[in-house]
Amino acid sequence: MNSAQLSDDLITTVLVIYALAFCLQAAGLAVERVKRNTRKSPNMATAAVGARYVPDGGITEVAHDRSGYGVVGRMGTVLLGFGFVLNLSSVILRGMAAGRAPWGNMYEFAIVGAAAIVAAYLAGLRVYPIERIGIWVIGLALVILGCAVTILYTPAADLIPVLNSYWLAIHVAAAIIAGGAFTVAAVASLAQLLRRRHRSDGEADSLEGVSYGLILFAFPVWTFAVIAGAVWAEAAWGRYWGWDPKETWAFITWVFYAAYLHAQSTAGWRGRRAAWFSLLGYAAFIFNFVGVNIWLPGLHSYAGV
Amino acid sequence: MSKRSTSVRPSHGWGWARWVWRTLTSMRTAVVLLIFLALAAVPGSFLPQRNVASDPASVQRFYLEHPGIAPWLDRFSLFDVYAAPWFAAVYMLLLVSMMGCVLPRCARLWRECRAAPARPPTQLSRLERFREFPSDVPVDAVLSRAAEFLRRRRYRVVLTDTDVRAEKGYLREVGNLAFHLSLLVLLVGVAIGKLFGFEGRAALAEGETFTNVQSSYDAFTPSALTQVDGLTSFSMTLESLDAEFALGGPRMGEPRAFDARVTYTRDDGSAESTNIRPNQPLNIEGTKLFLSGHGYAPRVTVRDGDGEVAFSGPVIFLPMDGNFTSDGVIKAPNASPVQLGFQGLLLPTGPGRESDRSQFPDLFAPRLDLTAYTGDLGMDSGLPQSVFTLERAGLEKVGDQSLRVGETMKLPDGAGTITFDGVDRFANFQIAYDPGKEISLVAAIMLMVGLTASLLIRRRRVWVRCSQSSRGVIVEMAGHSLTRRGSPAADFDDLVRALTEPTSPEARS
């Protein structure tokens, strides 16, 4: 079996594993909720949502306790980690099959993107208690992988000459890493907005801390991706910025996230408003990946559907 | 950007100006302007833009397709969004707002760097991190050990009789300022490029030579202050162009490699050979030549009714599809007794008669379909004429034929012949000169470094205060962060450990 075939088979396996992890996480949440509702002892209530000292990050001090997250959910996380390793392996095999960085078309971008999202979630889990948004993150990764194998699939092949540059590895890799963190941040912001609709509570603050921390990491990476893209454009097309639709939407994404960061240090704009900016920035990012490739003609069209 | 109250003092006539300035430089205004900037950039990605994009004819096409709405969109600069006054207004306001906020912060940072770290507040226990413990070591020993520890951790430290004041992370603010100022530098770089640079295109068939003067360009877009007569003087000959296409597999027909072999001669007469490939431009003293496209130029010989050669050489045909079915015209104005014109279609891999579409982009079985015209080409009227179209008004169609290489088409009534000699390739070169791009690159690096520093570095303070009580020495320690993210626990915990661990023998002696 050659590595291209193996990569394709692994992706199918990854889909199944992520789906199982999704079910386990959902079951874990359900078990936890049932426990909390049935045993209404005061100890349990404070254990599930209570003040907790988090060593890094001052605003996440009020957070739900990890111990409230049952064995079933933790099994889901372990399975997710296993799926991630397989996902990464399939990406590497794909790169070996094509003999280049494995992100030269939308299919490859999607399978690497799914890996980046899961990686951002697992990395975030080490710092923040974000188990509760886990199923949404895995759900997104599932949708992306599902689209990849059904709609976007294309066999491994060489690239057209203009893409054949080491800048492809740098520019696109940075964009994907930033994208993974933006995705988890957007899920956290959405969860925050949904919670705040009902009441103002510590968990919404904790979710805001998650999205803030992730965007703090992703924003410079995204900035680097845009600058690397400009340097590459200068070498390939003779100008570093030309308001090509892809460039324009990268700029719009950047400005929305810049607005998010500024809103975070503006009195009265933290919380709900800032969360909307996070979602706007993410919408622009996703549109740049999907909409621009499909609907807007431009120099990046060769990325292929 | 600064957080300020917008309270207005009793007016001295300038109250409104103060109010405007304060509002403009407030963080809230900056956020609103950022959102405006993002939204203002959106229409440019949906509507065709002038001087942007791969397709220069897109605006004209939009005018033809939407004649009602196009003039109105044009009135609001919507085909020129990124050069529109309203777009400029948004980013200029943003820059003014930013500078109004950043410059005072520069001054403040300067003062703070020269001043000693702040005195500890009375209630240390209210701060983010706090620890209190008794110590069996004398006050000055505790304080000097704390001071030494913090100095080693690169804090700025002031040691007094009763306390240690330390602060760290000034680079955060430096980075923040560098980031915002870099945007100004970037604007300067962009402006220099837009004022002095130019962009152009030139197509060369194999063997042809390009001389860097404005008239040699097929398209030339100078800027306001481009010195059109002062272009870097050089000439460049396209020796050969190699192209490779995927011969099989899932992406059959996709290009795989282009390689233009060129010889160029500089002003001083020195000649050099090199290759221009995608992602590998040729740079001649800041003027860069990029291989941006390619196509085919059939070589033909046209003989007129007298048997004289009226035209000979390659003619550039423009590709129409992915397999390089290309069309073009051949004109022989010097033919006598009548001028000759041909409308042609070149199929680099042409099937038999059954189809007039090329089957593959590479040159495997070239076929040239010609429609011949005789009469007046209309080239003497003085009006400029495209080399890619025939003015048919004065022409009469006299026949058509499909030729393979080496074949000749005879026109009726002895009007002449045309021979298909072979096919050359032509290369499209994008030629660009941007004197501002180095400045922009410096700005981008400054932006990247400044941004990273301002987001990762946390400015924080640590205080250690000792008091002598009846029970011995009481040490109070507090730390807090001046930024949104809390101060790192490691520094604080390490300091606690350093002060509580059993004193080493040297310190005791």
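**Notes on the predicted two-chain model**

1. In chain B, β20(B) and β21(B) form a hairpin, with 2 residues between them. Strands here are DSSP E runs of at least two residues and helices are H or I runs of at least four, numbered from the N terminus. This is a predicted model, in which local features need pLDDT of at least 70 and side-chain atom pairs count only at pLDDT 80 or more, while totals for chains, interfaces and linings use all residues. Residues are numbered from 1 along each chain as its sequence is written, chains are lettered from A and ligands numbered from 1 in the order in which they are written, and side-chain values use heavy atoms, leaving out hydrogens and water.

2. Strand β20 (residues 460-469) of chain B runs antiparallel to β21(B), and 10 bridges join them; two strands pair if DSSP finds at least two bridges between them. Within this pairing, Cys466(B) has Val475(B) as its bridge partner. Strand β1 (residues 129-135) of chain B is also antiparallel to β21(B), with 7 bridges, and there Phe130(B) is bridged to Ala478(B).

3. How many residues of strand β21 (residues 472-481) of chain B are buried? The count is 10 of the 10, so β21(B) is largely enclosed by the rest of the structure. Buried means under 20% relative accessible area, exposed over 50% and partly exposed in between (1.4 Å probe, protein chains only).

4. Backbone geometry in chain B has some points to check. Ser336(B) and Pro337(B) are joined by a cis peptide bond with omega about 10°, and Pro337(B) sits in the loop between β14 (326-332) and β15 (339-347). Glu285(B), not a glycine, has a positive phi of about 50°; it lies in the loop between β10 and β11 (287-304) and is exposed, at 55% relative accessibility.

5. Asn279(B) also has a positive phi without being glycine, near 70°. Its place is the loop between β9 (271-276) and β10 (282-284) of chain B. Is Asn279(B) buried or exposed? Asn279(B) is buried, at 17% relative accessible area.

6. Between the chains, 56 residues of chain B are in contact with 61 residues of chain A, contact being heavy atoms within 4.5 Å. Arg256(B), Asn279(B) and Arg484(B) supply 16% of the area that chain B buries against chain A, more than any other three residues. The area buried between the chains is about 4,800 Å², and carbon and sulfur atoms give 67% of it; this is the accessible area (1.4 Å probe) that two parts lose on being put together, summed over both.

7. Chain B and chain A share 2 salt bridges, each a side-chain nitrogen of Lys or Arg within 4 Å of a carboxyl oxygen of Asp or Glu. One of them links Lys437(B) and Glu234(A), at 3.1 Å from N to O.

8. Ser182(B) belongs to helix α8 (residues 170-196) of chain B and is buried, with a relative accessible area of 0%. Leaving aside residues up to four places away in sequence, Ser182(B) touches Ala443(B), Met446(B) and Leu447(B).

9. In chain A, helix α5 (residues 134-152) has 19 residues and spans 25 Å from its first C-alpha to its last, close to the 27 Å expected at 1.5 Å a residue. Buried residues of α5(A) include Ile135(A), Ile138(A), Leu142(A) and Leu145(A).

Key. Expected span 1.5 Å × (residues − 1).
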